[in-house]
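Visitor: I would like to take a close look at one part of this model. Please go through it slowly, with the residues named.

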Amino acid sequence: AIFGRLKTSISPFHAASFLSAGESVWIAAGLSRAKQQTLELLAQAVCRDKLDLEQLTAIPAQDAMQILVSQKGVGPWTAEVFLMFCAGHPDIFPAGDVALQLIAGQIAGYESRPDEKAFRVIAERWSPLRSVAARVLYARYAQIKGREIMPV
């Protein structure tokens with residue numbers, strides 16, 4: 001929802017236009033102060049050629065993860081989700097995602113959801129296409145919640 005509001009307010013949506021839009025637009029879109037700071041730093045890095053988002057699509061996933069998590073405010077989950085959905089890496093799995101943990105636990109018939117460490121072990125069997133498995137799980141979760149299902 002926030003991204004939708006940002007795209008409506010900032011067109012075309014890219015790093016420089018995001019920075020030009022400024023804090024009032026970010027607040028109106030619903031960005032928390034922490035998200036504003038992170039996105040501002042990322043946009044500045046992109047504009048200064050210190051972060052090449054296109055390059056992240058072409059390098060090994062582990063290298064791309066290291067680059068992303070080195071950015072202030074970007075943690076493993078954010079990096080994994082970006083690499084999976086935006087950069088198209090086929091073998092990324094955000095095992096720390098509670099929605100994925102819940103739905104996978106339900107499908108497998110577990111009494112409780114697997115924790116991140118256990119889920120990473122489970123997901124290893126889906127390599128080299130863990131991103132596909134994650135997208136299928138996200139789609140099932142969305143379906144159960146009555147939300148729009150993203151293309152798998």
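Visitor: How do the residues of the lining of the largest pocket divide into nonpolar, polar and charged?

Guide: This is a predicted model, and the mean pLDDT of the chain is 94, with 97% of its residues reaching 70 or more. In the lining of the largest pocket, 27 residues are nonpolar, five are polar and four are charged. The pocket itself has a volume of about 1500 Å³, and of the 36 residues that line it, Phe3, Leu39, Thr78, Phe82 and Cys86 lie nearest its centre. Two or more lining residues come from each of helix H1 (2–9), helix H2 (15–21), helix H4 (33–47), helix H7 (76–85) and H10. Among these contributors, H2 is where confidence in the chain is highest, at a mean of 98, whereas H10 is where it is lowest, at 93.

On the H8 side, the contact is made by Ala99, Leu100, Ile103, Ala104, Gln106 and Ile107, while H10 brings Ala134, Leu137, Tyr138, Arg140, Tyr141 and Ile144. By class, this contact of H8 with H10 holds 10 nonpolar residues, one polar and one charged.

Methods
Residues are numbered from 1 along each chain as its sequence is written. This is a predicted model: local features need pLDDT of at least 70, side-chain atom pairs count only at pLDDT 80 or more; totals for chains, interfaces and linings use all residues. Side-chain values use heavy atoms; hydrogens and water are left out. Contact means heavy atoms within 4.5 Å. Helices (H or I, at least four residues) and strands (E, at least two) are DSSP runs, numbered from the N terminus. Ala, Val, Leu, Ile, Met, Phe, Trp, Tyr, Cys and Pro count as nonpolar, Asp, Glu, Lys and Arg as charged, and the others, Gly among them, as polar. On a 1 Å grid over the protein atoms alone, a cavity is a set of points where a 1.4 Å probe fits but cannot get out, and a pocket is an open set with protein on both sides within 12 Å along at least five of seven lines; lining residues have an atom within 4 Å of a point. Grid points are joined across faces, edges and corners, and a volume is the space filled by probe spheres set on the points. pLDDT is the predictor's confidence in each residue, from 0 to 100.
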